[in-house]
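The sequence and structure come first.

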Amino acid sequence: MRKIIDLNQGWKFIRQDAGLPEKFPGLWQDVDLPHTWNEVDGMDGNGTYYRGRCWYAKIFQTPKQPLPGGRVYVEILAAGQQAAVYVNGREAVSHEGGYSAFRADVTDLCLDSGENLLVIACDNSESSSPYPQSADFTFYGGLYRGVNLISVPDVHFDLDYFGGPGLKVTPKVCKNCGGAKFELESWVTGGDENFTVMYQIQDREGNQMAYAVRPADSARVTVAVPDVRLWDIDDPYLYKVTATLQRRNEAWDEITVWAGVRQFTCDPQEGFIINGRQTPLRGVSRHQDKLYQGNALTRQDHFEDARIIKELGANTIRLAHYQHSQDFYDACDQLGFIVWAEIPFISVFNKAPEAHDNCVSQLKELIIQNYNHPSICFWGISNEILIGGICDQLVENHHELNKLAHELDPTRLTTMAHLSMTPTDGPMHHLTDVESYNHYFGWYGGKMTDNGPWLDKFHDDHPDICLGLSEYGCEGIVTYHGPDPACKDYSEEYQALYHEHMARVLDERPWIWSSHVWNMFDFGCAARNEGGVAGRNNKGLMTMDRRTKKDSYYIYKAYWNKEPMVHICGRRYAQRAGETIQVRVYSNQPEVELVIDGESVGKQTGDKVFVFTLCLEPGLHTLIAKAGAVKDSITIEKVEKEPEIYVLPEVKDRAEGVANWFKLAGDLDLEAPMKFPEGKYSVKDKLEELAESREALDIVSRAIKLATNFDLAPGVGMWGMMKSMTPEGMMAMAGDTLPKGFLESLNEKLIKIDKPSK
């Protein structure tokens with residue numbers, strides 16, 4: 001029988017490219033797995049993080065094989081972003097892709113008895129072939145999910161096919177028999193006529209529900225489970241499926257997976273339907289990192305994240321933007337989430353054939369390794385890939401990936417996340433089964449009230465497309481507060497108002513098959529520097545350390561969680577000035593009463609959001625909100641002047657900067673048609689072209705900072721994502737948040753600058 005040996009303790013590590021050691025490097029740093037070398041600098045706000053090749057080393061004993069001919073595998077659960085594995089100085093395997101498991105048969109590299117030196121080189125430096133090439137998150141390096149040693153007999157269930165489990169389970173509801181049929185298939189390495197595969201299906205209580213036996217060389221069979229209990233969001237019932245490789249009267253190898261029986265589909269007018277019931281998917285996106293742990297999360301960490309999301313009341317999670325840990329997929333299976341799982345084909349398209357080959361490889365690993373998880377209903381093949389523009393090859397690559405996904409798994413649907421600027425008509429549509437858009441109206445451009453009309457128009461214009469909202473959100477930093485929240489002030493109050501609006505927009509449109517808040521948790525992005533909290537994307541409903549749920553978290557809890565709840569907003573807005581003070585309360589109950597210092601100030605009936613306007617005396621006051629049997633309490637202070645820390649200084653600086661920009665524009669006619677003279681720069685040139693002129697780049701960098709709050713510098717931050725964009729395209733994202741004539745004034749400045757002669 002196989003043995004899985006945990007190799008996560010007692011490693012040596014060096015954060016430099018020290019080269020392959022000839023012997024165990026005793027002077028290197030002691031570490032245990034999971035481990036990343038970017039647990040601090042990947043999010044600490046210094047603007048960069050260590051990207052390079054680092055080395056790990058460990059001694060392991062050759063497993064004792066009770067039978068002759070046994071095999072030994074090293075299993076790496078993930079290695080960011082590329083890896084090479086060596087045993088006793090000889091390379092066993094190399095791998096490109098930082099998010100999937102891979103294995104190597106190291107039997108012939110091991111010593112017959114005694115100690116073996118296992119060395120793994122991980123590399124997260126920039127590379128031209130593996131995706132992601134460039135994206136808005138930190139590419140952590142390291143062995144951040146752990147390493148196993150697998151000892152198996154000479155004949156065993158397959159361990160060599162794209163990191164898969166060797167067992168494929170496809171449950172299907174059987175309308176005629178009142179139960180389900182389980183299509184079972186396994187693959188055996190080295191078997192002969194003496195070997196059979198015995199399949200057993202058990203319910204959650206351990207009762208045997210079905211049994212079948214097949215020859216090892218054709219181990220495919222369909223079995224029936226009568227009176228099946230369906231896997232559903234509110235009742236995620238799982239069946240235990242065991243495949244035992246039998247040699248006459250002896251069990252030789254065995255693998256077990258958990259499976260669920262469910263039916264689902266998407267309809268352009270009805271949205272998502274599971275087990276015959278219309279169920280709009282409303283949830284969040286999730287990155288896999290945590291404050292000062294980076295992506296080196298434990299199984300406990302993954303399950304805790306899932307429990308927090310379940311408490312929110314979400315029924316779906318988009319696992320952005322890569323393959324996540326098996327631990328988190330297990331949690332989703334057990335807790336009842338509908339999962340969108342995707343590959344990191346993101347942002348910047350690389351035309352090189354080896355880059356497309358890497359996409360193909362990562363999609364195969366994603367599907368083959370995760371096929372048996374009932375929570376996964378959608379395979380995502382790309383995200384915002386039009387940032388660098390569109391070409392025929394890009395479209396063709398999508399067709400190939402979509403076809404591959406259906407060949408590997410005809411039971412699930414494919415999807416993709418469009419960049420907000422993706423034209424609503426064109427070749428990027430009807431590529432996948434369902435589609436979604438990433439929209440940030442009300443943050444990066446436009447107004448929050450643009451969301452509903454845009455969705456309605458697309459739905460009316462394309463009634464045959466299942467439309468979702470794959471990303472939406474805005475920054476919310478719990479330091480910033482004020483009575484008049486506005487876009488780009490980074491306040492907790494504006495984030496809450498934004499999500500109040502979006503929760504209602506989505507609730508009114510059940511035909512939107514899915515929506516995913518960007519993001520559940522703040523996450524590491526070393527390239528970012530905005531809102532006074534550098535090194536992170538702060539759009540989370542919860543802080544990166546998982547300690548603070550922002551007010552925006554609770555508006556979704558009011559909409560999505562069925563358990564009675566009430567929440568008073570503004571508990572961190574602890575000192576307030578003004579003649580009147582507004583208190584917002586979220587609740588899923590029909591009536592809320594507010595009590596101040598022991599006296600009721602009234603009751604309100606409403607739907608999710610309740611607003612009380614108060615006149616308070618100076619000093620401390622205790623507020624209690626009552627909604628049926630649930631209560632919430634906060635304490636605030638009425639002050640003459642609110643603390644300066646409540647307002648981000650750059651909010652004022654940005655407004656003054658736009659005014660000064662127009663002063664410098666002089667007497668330009670900003671309503672005249674824009675001109676694009678030959679040999680001159682303009683807003684239609686790509687940023688990488690504008691970077692050829694220091695003067696042009698300085699002007700554009702200042703404009704982009706004013707328009708989008710992004711810092712722009714070649715080779716720094718998110719330059720890799722943005723270099724293929726044009727100022728015209730970026731300003732289009734900002735929409736009517738910019739003053740009239742801003743783009744025209746920028747173009748007027750640029751057309752005065754000569755392009756270098758070729």
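Helices (H or I, at least four residues) and strands (E, at least two) are DSSP runs, numbered from the N terminus. The model is predicted, so local features need pLDDT of at least 70 and side-chain atom pairs count only at pLDDT 80 or more, while totals for chains, interfaces and linings use all residues. Residues are numbered from 1 along each chain as its sequence is written, and side-chain values use heavy atoms, with hydrogens and water left out.

**Salt bridges**

A salt bridge is a side-chain nitrogen of Lys or Arg within 4 Å of a carboxyl oxygen of Asp or Glu. By this rule there are 39 salt bridges.

| Pair | N to O distance |
|---|---|
| Asp461 and Lys457 | 2.6 Å |
| Arg71 and Asp108 | 3.7 Å |
| Asp632 and Arg571 | 2.4 Å |

Asp461 and Lys457 are both in helix α5 (residues 451–461), and because they are 4 residues apart, about one helical turn separates them. For accessibility, buried means under 20% relative accessible area, exposed over 50%, and partly exposed in between (1.4 Å probe, protein chains only). Asp461 is partly exposed at 44% relative accessible area, and Lys457 is exposed at 54%.

The salt bridge between Arg71 and Asp108 has its ends in two elements: Arg71 lies in strand β5 (residues 71–76) and Asp108 in the loop between β8 (102–105) and β9 (115–123), so the pair ties together parts that are 37 residues apart in sequence. Arg71 is partly exposed, with a relative accessible area of 22%, whereas Asp108 is exposed at 60% relative accessibility.

Asp632 and Arg571 also meet in a salt bridge. This pair links distant parts of the chain, 61 residues apart: Asp632 belongs to strand β40 (residues 630–638), and Arg571 to the loop between β33 (566–568) and β34 (575–576). Asp632 has 15% relative accessibility and counts as buried; Arg571, at 27%, counts as partly exposed.

Beyond these pairs, a network of salt bridges links Asp136, Glu475, Arg528, Glu530 and Lys539.

Strand β27 (residues 413–418) is mostly covered, with 6 of its 6 residues buried. In a regular strand the side chains alternate between the two faces of the sheet. Here both faces are covered: one side carries Leu413, Thr415 and Ala417, the other Thr414, Met416 and His418, and all are buried.

Two strands pair if DSSP finds at least two bridges between them. Strand β26 (residues 376–383) runs parallel to β27 and is joined to it by 4 bridges, with Gly380 opposite Thr415 in β27. From β26 the chain crosses through helix α4 (residues 392–408) to β27 in a right-handed β-α-β crossover (with the strands pointing away from the viewer, the path from the first strand over the helix to the second runs clockwise). Strand β28 (residues 435–438) also pairs with β27 in the parallel sense, over 2 bridges, and Ser436 in β28 is opposite Ala417.

Thr432 lies in the loop between β27 and β28 and is buried, at 7% relative accessibility. Contact means heavy atoms within 4.5 Å. Leaving aside neighbours within four places in sequence, Thr432 is in contact with Ile381, Asn402, Thr414, Thr415 and Met416. The Thr432 side chain also reaches the backbone oxygen of Val434 at 2.7 Å.

**Nonpolar cores**

A nonpolar core is a set of buried Ala, Val, Leu, Ile, Met, Phe, Trp, Tyr and Cys residues joined through side-chain atoms within 4.5 Å. The largest has 121 residues, and Met520 and Tyr556 have the most contacts inside it. Helix α10 (residues 694–708) contributes the largest share of this core, 8 residues. A second, separate core of 29 residues includes Val169, Ala210, Val225 and Val241.

**Ser693**

Ser693 is in the loop between α9 (687–690) and α10 and is buried, at 12% relative accessibility. A polar atom of the Ser693 side chain lies 3.2 Å from the backbone nitrogen of Ala696. Not counting residues up to four places away in sequence, Ser693 touches Tyr681 and Ile753.

Definitions and conventions: A polar contact is a pair of N or O atoms within 3.5 Å; within protein, one must be able to donate a hydrogen and the other to accept it, and residues adjacent in sequence count only if both atoms are side-chain atoms.
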